[in-house]
Amino acid sequence: MSAGTGAIRHRGLRFEEPLIFEQGAEGKTGVDLPDVPKIKDRLGGLARKTPIGLPGLSEPQIVRHFTRLSQKNYAIDTGLYPLGSCTMKHNPRLNEKLARLPGFGDIHPLQPESTVQGALALMERLSDWLKALTGMPAIALSPAAGAHGEWTGLMTIRSAHEAAGDARKRVLVPDSAHGTNPASAAMCGYEVAAVPLNARGRVDLGALKAALDDDVAAFMLTNPNTCGLFEDEILDQAEAVHEAGAYFYCDGANFNAIVGRVRPGDLGIDCMHLNLHKTFSTPHGGGGPGSGPIALCEALVPFAPVPYVAEGPDGLRLVESDASGTAFGRVKGFHGQMGMFVRALAYILSHGIDGLRQASSDAVLNANYVSAGLADLMSLPYEGPCMHEVLFDDAFLKDTGVTTLDLAKAMIDEGYHPATIYFPLVVHGALLLEPTETESKESLDHLIATLRRIVERALAGKPDEFHAAPVDAPRRRFDETAAARRPVLRWRPPAAEDRAAE
Amino acid sequence: MAELRYSEEHEWVRVEGDIAVIGISDYAQDQLGDVVFVELPEPGRAVAKGEEAAVVESVKAASEVYAPVSGEVVEVNEPLADDPGLVNREPTAGGWFMKVRMADPGEVEALLDEAAYDSFVSGL
Amino acid sequence: MRYLPLTDADRRAMLASIGAPSVDSLFRDVPEAARDPDFDLPRHAGEIEVERELGALAARNVAAGSVPFFLGAGAYRHHVPASVDALIQRGEFLTSYTPYQPEISQGTLQALFEFQTQVALIAGLDVANASMYDGATSCLEAVNMALRVTRRAGVVLSGALHPQYRDVTKTGLRYLSAELDCLPPDFDGTESLVDRIDAGTACVVVQYPDFFGRVRDLAPLSEACRDAGALLIVAVTEVVALGALRSPGEMGADIVAAEGKSIGNPLTFGGPYVGLFACRERHVRQMPGRLAGEALDADGKRGWVLTLATREQHIRREKSTSNICTNSGLCALAFTIHMSLLGEEGFSRLARLNHAKAAMLADRLDSIPGAEVVNDSFFNEFTLRLDRPAAEVVDELAGRGVLAGVPVSRLLPGEPEAAPFLLVAATETTDEGDIAALEAALREALR
């Protein structure tokens, strides 16, 4: 399947790059290490006898390889990345610089506490900010990402119910929820029941009330929700949830729309995770790492996971095991994503409360501006102002032969990363655009003009052009069906492949 | 060939003696798109009507296949492992999923006939 | 504010286009009682102030590289070549999202495919995923996978498994139908896991090299697992060991759940790290996490896509193999770049160098009255038995500018037997001066 490296043809700045496994040569290396002192080996007779099969390349080859690969990626640094629900905003480089200070980057998680007081103080400062911004009294920092935070939050809730002798079986999740919500609930051993939306794109309050009973442990809500709308009946939802003895969980993936303006604690939320890689702009890094601290109400504090930072007689200390026996345990190795804590705090201090409020205000303004610029051409399933992202359905594409997917691929040829498509599942052919606050008006005007041109082309009836898109990207559309039917998940030496084929 | 009966979950059944041959409807395969994988039950497994018995996957979706009748799985369609596209090409013939020895052949009577299923689907 | 491009004039013009009187009016769906509370918080700050403030916090920590340093216990300090950090900071890697649009994400996808191949090779298994959060969560995911594959409930955890891996696994199974058999801490290396396997066993989890540093042949255990229809899960906290040791796959492991931090990633107080996850081809559809797979595009050109996504939460929701979404992408990239730089020769030499340094260190420390190396075998970390509580000694040495190792009692609180044991690790960064400093300080402390 792979062309030999000799057959590869580059085009201008577009390079074809083989796998490292197709470039290596025996004996080469990109790292000079000292000679190994002669010792008697203590490997228990288990020294490796056969080669692993790793290719050898020199440093310049490696640097070129990964530089070329990087050039095949679309990134925030390259252009507008309106991927709804993912918050692709500018990633400040100051944050990267600070995370690499030896005092943060080169400390071991199990050093004596006396040697890491600055790290513990940083964790405490970040927690203090997160408490103030959420209006909630406690933060557990250790979850590694949003989904991990959901699971940790639900484990905390389950521990609290069990401790009260009130084991409950079910978690309610709206139809519009991220897939992680039901998946996290299942990992806590809960059954998942869906709650429908009303005609205004919000949770149907009547249906929620009807679904609540004394077997419901929690209601998981994303607010602003995945349709980009604020749940305007949230206080009534909270009252109903609490009346049923359940906890109100909030998926904080969209906290960036309201940070500095609204405190979830004031809305009756009992537990919520914060995606530091979204709201506080620690970079996404092509899929992670993230960080998903959870905020907790007073009633849940005793059940929070270890570890956490506390005041001790000689300064700050880490509580790594639970003396009271109520904490449900540990969710991750060590103490959480410290590198992300540094970045998030640098982001928060740079913005300050005024900057955070301005950021959420601009995020919402930008989304409404894009909405207003496209509303006459595209179809909005729900009326009224949106929050940080605007949701379209595919009604405007009816009878054009062009699908939401086609439209997304056409955006690529125009120099954009596509919007989120086919999510949330509650509207047909969803297209969810999140411009974020770090786009200028000129940039938004260009996006609007481009999308208008694309849609007008679609309405003019040239579906074939759309089905072919993208044509200007490093690759065109892939045969994902063939890839899934016969998955090739790793490189194998050509000889081995031939043998397998025989 | 015996007539097909359908469930509202889009499974079909063809009765061959006390055996029910089970698959998914042409409408279901069309909705799913190109099938890339079918997870079949172990022969010998007892399934109850309405119970999840198999899973069918396309690139972007996975869907449970519920047993339209109760009984014991006696055979599964092995060629689907290598050629899941059979489900798309011949949904009601070569793309069958499993054969179940029925515990209560009367259950078939409760399923939709072809005309009833067609009108059910056109209402979706 | 330097990160916000809109001017007030822009905002006014935009509001006019929207037809809204103010930005506040766009927030009209927020209940009135919850609008704009008073925050008693500082205002924005420039780079100079933020650097000063966080720099001051950083200065209150003792950086590992500034002192003789011997800590391990699941996080090992290795040298990361300069080009690794330069490359992962390229904006196209740093500021991109999960590669859901393959046409414009080939860089990330190809790197993940290379990562998966490297991980599978060093684990000695067929396939690997695109990463988990860290070694401990990888271990839990491996156990969950074994429960699905075998449809059994029994989980046996070795007493020489890293206590945090044990704890995370315990947490994860707490409300699922699993029967956990956690063996007590195996201080003397005498536990028999084979005896714990029965017809209900889904998996046995063992660490290699184990928590106390010992290296054990896993072949007899893997045979016992195979005979009983259970899976053998091998946790690896120090992947550099796999450059010198037989791979877990070669000894019959079914799943390898490893911490990949040692390659390409800094210590950073415990995270972000990168969980490695490898298994046999026949179990791939039960695997958690993302997978990059080869595909052809409309022009017949080779490339990569995320594949087998129906296992994942965004499609399968409550029936997915895991809830994981965001993983450790950039840390996996750092791993891939560093491993590519090393290559076969570099990885093997790095491993032998680590072992040699540890062996030299062990001989020196073993000669100290009141200290004794417990291990008969080890890779780059071993256990010392001291004639004083290790935690006390570590604190005392920290006061004298030597970070001596990890007292086992820190990870096994409530185990009085753990008190005298100290885990000591050496890597390629350890030099003669470091060894001499530890030897002298320890001699002094044990006098």
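Mentor: Just after helix α10 of chain A, A:G415 takes a positive phi of about 90 degrees. The model is predicted, so local features need pLDDT of at least 70 and side-chain atom pairs count only at pLDDT 80 or more, whereas totals for chains, interfaces and linings use all residues. Residues are numbered from 1 along each chain as its sequence is written, chains are lettered from A and ligands numbered from 1 in the order in which they are written, and side-chain values use heavy atoms, with hydrogens and water left out.

The helix itself, residues 404–413, is mostly covered, with eight of its ten residues buried; buried means under 20% relative accessible area, with a 1.4 Å probe and protein chains only. Helices are DSSP runs of H or I of at least four residues, and strands are runs of E of at least two, numbered from the N terminus. The buried residues are A:T404, A:D406, A:L407, A:A408, A:K409, A:A410, A:M411 and A:I412. Their cover includes strands β11 (420–421) and β12 (431–433) and helices α11 (441–459) and α12 (463–468), which also belong to chain A.

Leaving aside neighbours within four places in sequence, C:L54 is in contact (heavy atoms within 4.5 Å) with A:L98, A:L101, A:F104, A:L122, A:V342, A:L345, A:A346 and A:L349.

Turning to the contact between the chains, 206 residues of chain A and 194 residues of chain C take part. The area buried between them is about 17200 Å², and carbon and sulfur atoms give 63% of it; buried area is the accessible area (1.4 Å probe) that two parts lose on being put together, summed over both. In chain A, the residues that lose the most area to chain C are A:R42, A:L46 and A:L489, together 5% of what that side buries.

Between chain A and chain C there are 19 salt bridges, each a side-chain nitrogen of Lys or Arg within 4 Å of a carboxyl oxygen of Asp or Glu. One of them joins C:R302 to A:E22, with the closest N and O atoms 2.8 Å apart. Helix α9 of chain A gives the largest share of the side that touches chain C, 25 residues.

Methods: Buried means under 20% relative accessible area, exposed over 50%, partly exposed in between (1.4 Å probe, protein chains only).
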